[in-house]
Amino acid sequence: PVVVLILLFLQPPTYGKLSTDNATKTAGVRLKFGPSLPAKWCWMIFESPNWIISALLFLRQSESLPWPNRLLLGWFVTHYIHRSILYPLKMPSNSKFPLGIMLMAAPYCIVNGYLQAQDLCQFRIYPQEHIMSLNFIVGTVVTLCGFGIAYHADSTLVQLKKSTGTYQIPHGGMFQFVSCPHFLGEILEWTGFCIASNGSLATLSFVIWTACNLIPRALSQHQWYHSKFPEEYKQLRRKAVIPLLL
């Protein structure tokens, strides 16, 4: 994981609008991520372990789990069913994804799915009254807001790509404030999940990984917009991922 994080900060994965023949140059070193495959299938393959592993572990423990654990794990599973099935089905048919990135992402999704599921099925059993606690309520609100931001941003980007056939400047929603509200939304979603889980080590590690993965990509995409639409984008005065800050 440390090596992957270093690579992300040196050179965020080059797919989507950042792709340039699946390779870029960083500090004179050429980093290749392999051939491009249909993005739909890549997303389905590397995201699915999160919910499959979680669902299997839940089925083994479902009778004894209190409702706070069921709701938290249920949200995790719901999110990744959306990310691995529903979201890829909306992607343009010509979208590509590097094989190397898929192979790097899949092991993390396997480990993370197991870690979150084991944490909620075995290591952290919450009392029933946790549902009414401040942490659970605030965390749930932040989680749903984050998901809503990410869902709207993803839908906007997909529809824009389908209607124009190329990458354009998106507008509406949180795009008025940042270049990558889909990344902001996902960071908020898992921050809320962590709060609702009383800041468990498993969920905290997930938040840190999510931020370390998405913030470098957001900065790179922000720079891409400025280089692709220099004058027009400068006038929008957007930040990369955190409104008014970053």
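Me: Why is isoleucine 242 called partly exposed?
Reply: Its relative accessible area is 32%. Buried means under 20%, exposed means over 50%, and partly exposed is in between (1.4 Å probe, protein chains only). Since 32% falls between those limits, isoleucine 242 is partly exposed. This is a predicted model, in which local features need pLDDT of at least 70 and side-chain atom pairs count only at pLDDT 80 or more, while totals for chains, interfaces and linings use all residues. Residues are numbered from 1 along each chain as its sequence is written, and side-chain values use heavy atoms, with hydrogens and water left out.

Me: Where is isoleucine 242 in the chain?
Reply: Isoleucine 242 sits in the segment after α8 (230-236).

Me: What makes leucine 244 count as exposed?
Reply: Leucine 244 has 77% relative accessibility, so it counts as exposed. Leucine 244 is also in the segment after α8. Its phi is near 70 degrees, a positive value in a residue other than glycine.

Me: And asparagine 198: why is that residue called partly exposed?
Reply: Its relative accessible area is 37%, so asparagine 198 is placed in the partly exposed class. You will find asparagine 198 in the loop between α6 and α7 (201-228). Asparagine 198 has a positive phi too, near 60 degrees, and is not glycine.

Me: How do you know that threonine 156 is buried?
Reply: Threonine 156 has a relative accessible area of 18%, so it counts as buried. Threonine 156 belongs to helix α5 (residues 134-164); helices here are DSSP runs (H or I, at least four residues), strands are E runs of at least two, and both are numbered from the N terminus. Leaving aside residues up to four places away in sequence, threonine 156 touches Pro170, His171 and Phe175, where contact means heavy atoms within 4.5 Å. Its side chain also reaches the backbone oxygen of histidine 152 at 2.8 Å.

Me: How many helices and strands does the chain have?
Reply: There are 8 helices and 4 strands, following the pattern α-β-β-β-α-α-β-α-α-α-α-α along the sequence. Of the 246 residues, 48% are buried.

Me: Why are α3 and α6 called roughly antiparallel?
Reply: The axes of helix α3 (residues 67-90) and helix α6 (residues 181-196) cross at roughly 160 degrees and come within 11 Å. Angles under 35 degrees count as roughly parallel, over 145 as roughly antiparallel, 65 to 115 as roughly perpendicular and the rest as oblique. The angle of α3 and α6 is on the antiparallel side of that scale, and the two are therefore roughly antiparallel. Their crossing is left-handed.

Me: Which residues meet where α3 and α6 touch?
Reply: From α3 come Leu72, Trp75, Phe76, His79, Tyr80 and Arg83, and they meet Glu186, Glu189, Trp190, Phe193 and Ala196 of α6. This contact has 7 nonpolar, 1 polar and 3 charged residues.

Me: What makes α2 and α3 roughly antiparallel?
Reply: The axes of helix α2 (residues 39-61) and α3 cross at roughly 160 degrees as well, coming within 8 Å. By that angle, α2 and α3 are therefore roughly antiparallel. α2 passes α3 in a left-handed crossing, and the residues of their contact divide into 14 nonpolar, 4 polar and 5 charged.

Methods. Axes are lines fitted to C-alpha atoms, for helices over the stretch in contact, and angles run from 0 to 180 degrees between N-to-C directions. A crossing is left-handed if the near helix is turned anticlockwise from the far one by less than a right angle, and right-handed if clockwise. Ala, Val, Leu, Ile, Met, Phe, Trp, Tyr, Cys and Pro count as nonpolar, Asp, Glu, Lys and Arg as charged, and the others, Gly among them, as polar. A polar contact is a pair of N or O atoms within 3.5 Å; within protein, one must be able to donate a hydrogen and the other to accept it, and residues adjacent in sequence count only if both atoms are side-chain atoms.
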